[in-house]
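Open the structure in your viewer and keep the selection tool at hand. The stops below say what to select next and what is there.

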Amino acid sequence: MNSKYKKYRLKKGDTLSGVASILGKPVQEIKNFHNIFCEHEEVIVFDFPETLQELFIYPQYEDAKLYNIPRTPLDGSRLSLKPSEKSIDYGVMYTIHSGEEENTMKYEVRVSFLEKLEASAYLYRIERLSKTFINDDEANTIADELAEKAASVLYPLDVVVDENGKWQQVYNHHVILSRWEKVKDVILDEFEGEWVDKYLMFTERTLENEIGLNSSLSKDWFLNAYFSGVYANYTNQLKYESETLFNLLPSTTALSYKTEHKIEQYLDEDNLIAIEINGFLNDERCKADIEENNIMPYYSLLDPAEKKAEGKFRSKYFLNGSNKTIETLYVDCSIDLAVPKRVEIVVSVL
């Protein structure tokens, strides 16, 4: 007579969703099947009870499959940063939604690890490999061409990254300053006019102060997405909650989203580490504050009943299962204002 069930002995780090994924069945179905046969104290409510040692699983399932699936390489419950010795080339695309209007920007970059500065600091270099394409065309307006030429002074850009993989500051500020005079001369040879002089003056003010340059680059979507800090402690539940700051709107300070970060227990079919982040807007500022680009919650403090803005944050990362470098990432960030704003970011190895 065939057994009604088999038993799978839980290993450290096993989660209900992880085992359900391997079995190819919905979480609810796995939970219900186990709960039919288990003792009362071993009933699964949301996830495995801390004292649970064995899970009742379907009798036809081959035990070997559960033990042979490659696990995500964690140090305990921490995903550790392991800088690649090789440079990696990426294609970057932004899709910018403003109400019904939609525009895309594309360019290519190279990311290189240079050296370890100290116990918890790493130095990376970002190089631009291509021009910026707007809606699949090279920048062709005077304003776009001017912006691209001025931005070229930043590259190669060297940044300091912490042990979580989150960028902290510009490292080669003095080099960027030394490049500026040459770049400015090239721009003045090609462009002229009062508005060009004002643009160059504004750019120069941003560059001359290291704090100002760091503040300006904090709005760079690639830096925010790629060096976002996915190398972290995901706890024994393989997830944690956090505040995610994202500069969706260039004219105001970063918006605050309450997010849950979750790492998959097992590598996917392509031997990639999967990380997903989901959340919602949780900013102290009300809708009117954000519409008027207020840094502080001015209207929220005057009237706590002021309507809060709504928005969502979602991102997905796929990392190489061997060296833990990012192969693909996707970010989708939105806010519902009078004119809804949303940006989608895709970065993928070329």
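Select His 34 to begin. This is a predicted model, and in it His 34 has a relative accessible area of 0%, so the residue is buried. Show the helix around it: His 34 belongs to helix H2, which covers residues 27-37. Now display what surrounds the side chain. Apart from neighbours within four places in sequence, His 34 is in contact with Glu 42, Ile 44, Leu 52, Glu 54, Leu 55 and Phe 56.

Step back to helix H1, residues 16-23. Of its 8 residues, 6 are buried, so the helix is largely enclosed by the rest of the structure. To see them, select Leu 16, Gly 18, Val 19, Ala 20, Ile 22 and Leu 23, the buried residues of H1. Just after H1 comes Gly 24, with a positive phi of about 70°.

Zoom out for the whole protein. There are 10 helices and 15 strands, and the C-alpha atoms fill a box of roughly 90 × 55 × 40 Å along the principal axes. The protein has 350 residues, and 42% of them count as buried. Of the contacts between residues at least 6 apart in sequence, 61% join residues at least 24 apart. Colour by charge next: 40 side chains are positive and 60 negative, and the centres of the two sets are 6 Å apart.

Now go inside. Which residues have the most contacts within the largest nonpolar core? Select Phe 222, Phe 227, Phe 246, Ile 335 and Ile 345; the core they belong to has 69 residues. A separate second core has 16 residues, among them Ile 30, Phe 48, Leu 52 and Ile 57. Leu 52 was also one of the contacts of His 34.

Return to Phe 227 and show its surroundings. Leaving out residues up to four places away in sequence, Phe 227 touches Val 111, Tyr 124, Ile 126, Val 159, Val 161, Gly 165, Lys 166, Trp 167 and Phe 222. Phe 227 is also part of a cluster linked by ring pairs, together with Tyr 90, Phe 113, Tyr 122, Tyr 124, Phe 222 and Tyr 226.

The structure has 14 aromatic pairs. For one of them, select Tyr 298 and Tyr 299: the ring centres are 5.0 Å apart and the planes stand at 75°, so this pair is edge-to-face. Tyr 298 is partly exposed, at 48% relative accessibility. Tyr 299 is partly exposed as well, with a relative accessible area of 24%.

The last stops concern the backbone. Most peptide bonds are trans, and most residues other than glycine have a negative phi. Select Tyr 155 and Pro 156: the peptide bond between them is cis, with omega near 0°. Pro 156 sits in the loop between helix H4 (142-151) and strand S8 (157-162).

Then find Asn 135, in the loop between strand S6 (133-134) and strand S7 (137-138). Its phi is positive, near 50°, and Asn 135 is partly exposed at 34% relative accessibility.

Finish at Asn 293, where phi is near 60°, again a positive value. Asn 293 lies in the loop between helix H9 (287-291) and helix H10 (298-302). Is Asn 293 buried or partly exposed? At 34% relative accessibility, Asn 293 counts as partly exposed.

Conventions:
Residues numbered from 1 in each chain as written. Predicted model: local features only at pLDDT ≥ 70, side-chain atom pairs only at ≥ 80, totals over all residues. Heavy atoms only, no water. Core = buried A, V, L, I, M, F, W, Y, C linked by side-chain atoms within 4.5 Å. Buried < 20%, exposed > 50% of the residue type's maximum accessible area, 1.4 Å probe, protein only. Contact = heavy atoms within 4.5 Å. Helix = DSSP H or I, 4+ residues; strand = E, 2+ residues; numbered from the N terminus. Lys, Arg positive; Asp, Glu negative; His and termini not counted. Charge placed at Lys NZ, Arg CZ, Asp CG, Glu CD. Phe/Tyr/Trp six-rings, centres within 6.5 Å; stacked < 30°, edge-to-face > 60°.
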